[in-house]
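Here is a short report on one protein model. Look through the structure first, then read on.

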Amino acid sequence: MATKLDGVTGVEAPTAEAPRSKAQMLKHALEKAELAFIMEAHNGLSAKVVEEAGFEGIWASGLSMSAALGVRDNNEASWTQVLEQLEFMADATTIPILVDGDTGYGNFNNVRRLVKKLCQRGIAGVCIEDKLFPKTNSFIGEGQPLADMEEFSGRIKAGKDSQDDADFQLIARVEALISGWGMDEALRRAEAYHAAGADGILIHSKKADADEILAFSKEWAGRAPLVIVPTMYYATPTDAFRQADISLVIWANHNLRAALSAMRDTSRRIMEEQSLTSVEGAVASVKEVFNIVGQGELAAAEARYLKPKGGDFKAIVLAASRGAALGPLTERLPKCMLDIRGQPLLHRLITALGEGGLSDISVVRGYKKETIDLAKVRTLDNDNFADTGEAASLACAAEQLDGPAILSYGDILFRSHILENLLAAESDICVVVDARWRGGESRAAERTVDLVQCSRPFTGDYLDEEPVLLNAILSGGDSADNIGEPSGEFIGLIKLSARGAELVRRELDGMAADGSLNKADLPALLNRLIARGEQIEALYVTGHWLDVDDAFDLAKARNLV
Ligand code: SPV
Ligand code: MG
């Protein structure tokens, strides 16, 4: 196959190095030995679709961009309005855009400014046609007037002299065949435009067969890359273009036309049926829309750049106990290290805390402490775990109670909104209470449940902003009668403000002093604070969390995560 770059020098198209800039990519598509294809787009979304499909470049069609704006292809959209569309398209994609620059929007002077602006917006190339401003689409009418060849050559020179990017491509579009001026005139003009500096020639035809295009190509003999738009001679096999040494095929308007058909059909159906039912499966899902515009990237960026709510909080995770109710399962591992669908429970808990913005995390270990070895997590040890309870474990982390903190049992998992709402609570001490403990939980009576009694039952009235207070919480061994009608179950998650943390630390000291620390659980500590007159807020939730006390919980957790 003859080289397409330069029939005179025979310089080979560059193939060894991957092109980098978008302009270099377009230049490469024009100059390489293989036939290249670019596809029409008319806005950011369609440009993304073109890239997604795997095309080497985008044709920013004048007809399609105009139609998408609801105007005619007669320069009714101003060139700066087109420029705005192009900017969205370029930002949305990584492949080069060849823009349909119509006539260049005026004379040489307008072309100069156009090319400067296109380079600034990261557009790889422009195609200008040898007609007069305001232009008319080539498929409308017969014998449209052509620009004077010398004057149009001046537009090309001016454009090439104005490009700030050395690789920017300017394609000259020859309309002589369409306007009925014949093959000789088409070749004469193509030669003149090439001599004026055009990087390629677009030879346009509105015939239903490719005869005149192929004849032109034969005469042209590879003097510069040839570009074609087979909209009207669409039935010609693509191999005929390959054999004719065409460089670039533009599929010029098919996304706009596909969108028009689909939008008409969808609107008509919804209008007729007054329902979305039959349409829903036929259109892209909302999720697909989120995906193509990169919603996931924004979520990742938010996690990276927004100050997380939990950033000021330390976390203390109480993970010292074995979980004896799990029997042989915890012979070699504490229950917090049991596998929940491929990940230890504690790892999932740490991840959930991290996603809430907490990065200073302490884990109090005890049983089989050597199995708990986590990167980026402080480990503190309650070596007396067998004879002590949660309060003593918390006391091992007392030094960390030097500011706002989240306390968590080591055997729970919860959805992110629970932690988010807890972090937003304004009280000094706030505990999370599941109001649904009785409704769905017939096993509640058999389980070790930290029942609580609150100032008000859960009503579901989310507009009620009056805080709910914890009146009492059932401590280990206490009879359920002690707390009256329970309002819910403490899930094992507490928020402490700096003052709250200070109160807890003092209470732990008091418990150590009066000898009650070693046997106390967390509820005992909370009850002491209540008895002292401290207000503890209860944040009601309804499910969306789990704990792992026994094999039944474990199975449930494994199914849920
Ligand atoms: C366009 O897509 O706007 C073109 C190509 O200029 S054509 O409509 O075939 O003239
Ligand atoms: Mg056009």
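## The second largest cavity

The second largest cavity is lined by Gly62, Met65, Ser66, Leu69, Asp73, Asn75, Glu76, Ala77, Val82, Asp100, Asp102 and Tyr105. A cavity here is a set of points, on a 1 Å grid over the protein atoms alone, where a 1.4 Å probe fits but cannot get out; lining residues have an atom within 4 Å of a point. About 90 Å³ of space lies in this second largest cavity. A volume is the space filled by probe spheres set on the points, and grid points are joined across faces, edges and corners.

Helix H3 (residues 62-68) gives the largest share of this lining, three residues. Helices (H or I, at least four residues) and strands (E, at least two) are DSSP runs, numbered from the N terminus. By class, the lining has five nonpolar, three polar and four charged residues. Ala, Val, Leu, Ile, Met, Phe, Trp, Tyr, Cys and Pro count as nonpolar; Asp, Glu, Lys and Arg count as charged; the others, Gly among them, are polar.

## About the model

This is a predicted model: local features need pLDDT of at least 70, side-chain atom pairs count only at pLDDT 80 or more, and totals for chains, interfaces and linings use all residues. Residues are numbered from 1 along each chain as its sequence is written, chains are lettered from A and ligands numbered from 1 in the order in which they are written, and side-chain values use heavy atoms, with hydrogens and water left out.

## The largest cavity

How many cavities of 30 Å³ or more does the structure hold? There are three. The largest has a volume of about 170 Å³. Its lining has 17 residues, and Asp100, Asn137, Arg173, His204 and Ala252 lie nearest its centre. Five of the lining residues are nonpolar, seven polar and five charged.

## Backbone details in loops

The peptide bond from Phe133 to Pro134 is cis, with omega near -5°. Pro134 sits in the loop between strand S4 (125-129) and helix H6 (149-162).

Lys376 has a positive phi, near 65°, and is not glycine. Its loop runs between strand S12 (360-365) and strand S13 (378-381). Lys376 counts as exposed because its relative accessibility is 81%. Exposed means over 50% relative accessible area, buried under 20%, and partly exposed in between (1.4 Å probe, protein chains only).

His544 also has phi near 65°. His544 lies in the loop between strand S20 (537-541) and strand S21 (545-547). At 46% relative accessibility, His544 is partly exposed.

How values were computed. 1 Å grid on protein atoms, 1.4 Å probe; cavity = no way out; pocket = protein on both sides within 12 Å on 5 of 7 lines; lining within 4 Å.
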